[in-house]
Each structure stands twice: as structure tokens, then as C-alpha cells.
Amino acid sequence: MTNSFPFGELPPAPAPEIIDELRGYEVAWISDSTELYLMDRHIRPIFPTAARIVGPAVTVTVPPGEFLMVSAALTKVRPGDLLIIDARGDMSRAVWGEYFSTWARGLGVPGVVIDGACRDVAEIETLGFPVFARGTIPRKPTLNGQGEVNVPVSCGGVCVLPGDIVVADREGVIVIPLRHLDKILKRVRVTAQRERSHNGVAVGGRKEYDAFFEKSFAKRIAEAPPLNEAE
């Protein structure tokens, strides 16, 4: 079967130093800086020790349980790209497993994010290849050929464009739209500095906590309306 859908274009990758910088930021910090672009909480690492992954998105969208164009997407990846699979959130068939994790790693792909199901969890964990998915099921996929590569997709309820930066760790998965990269980076740097310094407050016992509470929360609590006024 010949697929009549063209492959989309992939923008140039960001500078390596930007990816390296983002690798040092928790997904929670990026979320605090944007309040947007956080994927559904059910898309999680399939094994608990999965490393944080960061990279530009190579996107692929397929019907539920379909795999063939996922294999085609690997012909378009560059070292450092993440594969983002929009499988419609379907959990009836796995669209990823150990064999293609091995191929992806050999192609320089740091990890995969799937709005759908994966299988071969034990083997992928042994491989140490980070996969984030909605869940797992051992049933194999179909090979009918429908799908598109490097087009806008929906993954975990978030629109992902080819080349957008995706960051995933044990707390979740977030997208940084390429068009907003500079603005979001500036915000995340401020958030990271604040988090790493504990908001500039020394952490300790009662004396330190009371000072922290007075500085950070006491005024807000005092100004909060009574419950009957807030209803």
C-alpha cells in the first residue's frame, strides 16, 4: 500500500547548548514558568528510573493501534530528536516496543513519547531507553500504512509541532513551542534560580520556618476573604 500523505518539514534543531541547558530544568519548573503545554498526567515513564529527556520533536500521527508510519518516522530523525507519537490515546494495541527502541537508540534518539500504548517494558528498562506512554499492553499493532510524519499532532492533549522542544521526566511531559522558546527560556531561568536557592530563605527549624512563613504567606492569609464572602 502506498501512503499518499507527504512528509512534513522539520525546522533546524536549536543550538546544542540550549538543549543542554533545558536538560538541567525539571518539568515542574518549566510548568511553573508557563502554566501551559503540560501533557495529560497519564503519560508517564514506563519504568521508574527513566532519565529526563529533552529534544526537538519529530512527530507522527497514526490511527489507533497502527504502526507502519511510526517506522517511517525513524527515517526522518536526527541525533537528538525525540519521537512523538500521536496514537489517539488508544490502549488496545502497542505501537512501540523493545525492537524499535533498540533501533531508535542506535539512531541517536534520546527517547519516545506516546499518546498510546507500549509493550516489552522489562526489555526496554534493561536497555535503559526512556519511553513515556499512556500505558502498556502486549498486543501487537496493525500494519496498514495510514499516518503522517512531521505534521502538527495532539499528544496528551497538547498540540505539538515538528521541531517543538519536548522535555519529559518522572513528573510528566511538557512542550516548549519553538515560536516561544526564547521567552520561555528567560522565565525558566528565573524559576530555576528561585527553586535552587529555596527562594533565598535558609531552610532549618522553627525559627527559620517562621521567618519564611512570615515573608511568603502571612500577608496573603491575612488578606484572604472569610469563607462566607468567598462563596
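View 1. Helix H2, spanning residues 27-34, is mostly covered, with six of its eight residues buried, where buried means under 20% relative accessible area, exposed over 50% and partly exposed in between, for a 1.4 Å probe and protein chains only. Helices (H or I, at least four residues) and strands (E, at least two) are DSSP runs numbered from the N terminus. The model is predicted, so that local features need pLDDT of at least 70 and side-chain atom pairs count only at pLDDT 80 or more, whereas totals for chains, interfaces and linings use all residues. Residues are numbered from 1 along each chain as its sequence is written, and side-chain values use heavy atoms, with hydrogens and water left out. The buried residues of H2 are Val 27, Trp 29, Ile 30, Ser 31, Ser 33 and Thr 34; what covers them includes strand S9 (165-169), strand S10 (172-176) and helix H6 (181-196). After H2 comes Glu 35, whose phi is positive, near 60°.

**View 2. An aromatic pair within helix H4.** Tyr 99 and Trp 103 both lie in helix H4, four residues apart, or about one turn of the helix. Their rings form an edge-to-face pair, 6.3 Å centre to centre with 80° between the planes; rings of Phe, Tyr and Trp (its six-membered ring) pair if their centres lie within 6.5 Å, and planes under 30 degrees apart count as stacked, over 60 as edge-to-face and the rest as tilted. Tyr 99 counts as exposed because its relative accessibility is 52%, whereas Trp 103, with a relative accessible area of 47%, is partly exposed.

**View 3. A charge over a ring.** The charged end of Lys 76 sits over the ring of Phe 7, 4.7 Å from the ring centre, the criterion being that NZ of Lys or CZ of Arg is within 6 Å of the ring centre and within 35 degrees of the ring normal.

**View 4. The protein as a whole, for orientation.** The secondary structure comes to nine helices and 10 strands, and the C-alpha atoms fill a box of roughly 70 × 40 × 35 Å, taken along the principal axes. Of the 231 residues, 43% count as buried. Among contacts (heavy atoms within 4.5 Å) between residues at least 6 apart in sequence, 76% join residues at least 24 apart.
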